[in-house]
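I opened my notebook to go through this chain piece by piece. Here is what I looked up, in the order I went.

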Amino acid sequence: MKWIHNLLKCFSFSAVLFTFQACYGDMQDDIYDCEFSVRVVDGDGNGIPNVEVTMTDQDDRRLFLDTTTTAGMAYVKRGIMLGSCLKMHFKPLDGADFQAKDTTVTDWSHNDHYTITLQPK
């Protein structure tokens, strides 16, 4: 009977340790250096230059801002928190007659490549 008592004490103690680790353990908010590319294209697959690419986190803090090149490319190089949900906003500037577009990337990884198609106005 004493061994059952000791076994229950062991389980109780390990439950307390588990709870303590879950509440007060190391934070897992690691900053991850991400690097990926975004290509903005029209319906025919041609790159659209002069599109402002803005990336924000789930709290709408701006993380990145760039304008696409003549090939429609924007390169994201930024430290981003692991597990972050990225909101991307595409706003055509002067000379780009396309509709703006917003999209959300929830599952991203290092060296990804995204192609975004914009619709003409």
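Which residue in E5 is the bridge partner of Thr56? I found that Lys87 is the bridge partner of Thr56 in E5.

**Entry 1: ground rules.** I am working with a predicted model, in which local features need pLDDT of at least 70 and side-chain atom pairs count only at pLDDT 80 or more, while totals for chains, interfaces and linings use all residues. Residues are numbered from 1 along each chain as its sequence is written, and side-chain values use heavy atoms, with hydrogens and water left out.

**Entry 2: overall layout.** I noted 1 helix and 7 strands in the chain. Helices (H or I, at least four residues) and strands (E, at least two) are DSSP runs, numbered from the N terminus. Starting at the N terminus, I read the order as α-β-β-β-β-β-β-β. Of the 121 residues in the chain, 29% are buried. For the record, buried means under 20% relative accessible area, exposed over 50%, and partly exposed in between, with a 1.4 Å probe and protein chains only.

**Entry 3: the sheet.** I traced an open sheet of 4 strands in the order E3-E2-E5-E6, with antiparallel pairing. Its edge strands are E3 and E6 (101-105), each of which pairs on one side only. From one strand to the next, the twist averages 15 degrees; for such angles, axes are lines fitted to C-alpha atoms (for helices over the stretch in contact), and the angles run from 0 to 180 degrees between N-to-C directions. Two strands pair if DSSP finds at least two bridges between them. A reminder to myself: strands of a sheet pair through backbone hydrogen bonds, either parallel or antiparallel.

**Entry 4: E2 and its neighbours.** I then followed E2. E2 pairs with E3 over 5 bridges in the antiparallel sense, and with E5 over 6 bridges, also antiparallel. Thr56 stands opposite Arg62 in E3, and has Lys87 as its bridge partner in E5. Val53 has Asp66 as its bridge partner in E3. Is Thr54 buried or exposed? Thr54 lies in strand E2 and is buried, at a relative accessible area of 12%. E2 is mostly covered, with 5 of its 6 residues buried.

**Entry 5: the turn and the salt bridge.** E2 and E3 form a hairpin with 5 residues between them, and Asp60 in the turn has a positive phi of about 60 degrees. What does Asp60 form a salt bridge with? Its partner is Lys87, and the closest N and O atoms are 3.3 Å apart. This pair links distant parts of the chain, with Asp60 in the loop between E2 and E3 and Lys87 in strand E5, 27 residues apart. My count comes to 1 salt bridge, by the rule that a side-chain nitrogen of Lys or Arg lies within 4 Å of a carboxyl oxygen of Asp or Glu. Lys87 is partly exposed, at 23% relative accessible area.

**Entry 6: another positive phi.** Asn50 lies in the loop between E1 and E2, and its phi is near 65 degrees, a positive value in a residue other than glycine. I flagged this because most residues other than glycine have a negative phi. Asn50 counts as partly exposed, at 28% relative accessibility.

**Entry 7: the core.** Which residues have the most contacts inside the largest nonpolar core? They are Phe36, Val38, Met55, Phe90 and Leu118, in a core of 20 residues. Strands E1 (31-41), E2 (51-56), E3 (62-67), E4 (73-81), E5 (86-92) and E7 (113-117) each supply at least two residues of this core. A nonpolar core here is a set of buried Ala, Val, Leu, Ile, Met, Phe, Trp, Tyr and Cys residues joined through side-chain atoms within 4.5 Å.

Entry 8: On the surface, Met1, Trp3, Ile4, Leu7, Leu8 and Phe11 form a nonpolar patch with about 720 Å² of accessible area together. Patch residues have over 30% relative accessible area and no salt bridge; like charges are joined within 9 Å, nonpolar side chains (Val, Leu, Ile, Met, Phe, Trp, Tyr) within 5 Å. Areas come from the Shrake-Rupley method with a 1.4 Å probe, and for residues only the protein chains shown count as cover. Trp3 is found in helix H1 (residues 2-24) and is exposed, at 60% relative accessible area.
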